[in-house]
Amino acid sequence: MTTAARRYDAVVARYFEAWNADGAEARAKAVADVWTADGRYTDPLSDAVGHEAITAVIAAVHERFPGFVFRLVGNTDGHHDTARFSWELVNRADGSAPVAGSDVITLDAEDRVRAVYGFLDRVPEGA
């Protein structure tokens, strides 16, 4: 594995830690560790700027899908300050994954996320 690949894998692992953090305090800390202060998260359902707004988006997903966790699907691909990867939202109880998508992230010089551009590939009806 190249140094660049390890770099992107490490950032994506921290990103999933934020999305999978349990509790408001742990979630807020994980978001602050991953994103720049003015970081942005955008997908077809939300557009959030800053730690507080991003934390609120993640909390809303946890409220909508209790007992679910995000999991990387496949490998992370990246170059320069940009990486892309796919994911699923998995039910811990039965392993089903009703939601899936792909994200493209941009990084700053300290490997903190500046922006996320999310795409939803599979969403249950009514979600």
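Residues count as buried under 20% relative accessible area, exposed over 50% and partly exposed in between (1.4 Å probe, protein chains only). The model is predicted; local features need pLDDT of at least 70, side-chain atom pairs count only at pLDDT 80 or more, and totals for chains, interfaces and linings use all residues. Residues are numbered from 1 along each chain as its sequence is written, and side-chain values use heavy atoms, with hydrogens and water left out.

The whole structure holds 7 salt bridges, each a side-chain nitrogen of Lys or Arg within 4 Å of a carboxyl oxygen of Asp or Glu. One of them joins K29 to D33, with the closest N and O atoms 3.0 Å apart. Both residues lie in helix 2 (residues 24–34), 4 residues apart, about one turn of the helix. Helices (H or I, at least four residues) and strands (E, at least two) are DSSP runs, numbered from the N terminus. D33 is partly exposed, at 41% relative accessible area, whereas K29 is exposed, at 54%.

Another salt bridge pairs R114 with D81; the closest N and O atoms are 2.6 Å apart. R114 belongs to strand 6 and D81 to the loop between strand 3 (68–79) and strand 4, so the pair ties together parts that are 33 residues apart in sequence. R114 is partly exposed, at 36%. D81 is also partly exposed, at 27%.

The side chains of D111 and R7 form a salt bridge as well (2.6 Å, N to O). D111 sits in the loop between strand 5 and strand 6 (113–122) and R7 in helix 1, so this contact ties together parts 104 residues apart in sequence. R7 is partly exposed, at 24% relative accessibility. Salt bridges also link R71, E88 and R122 in a network.
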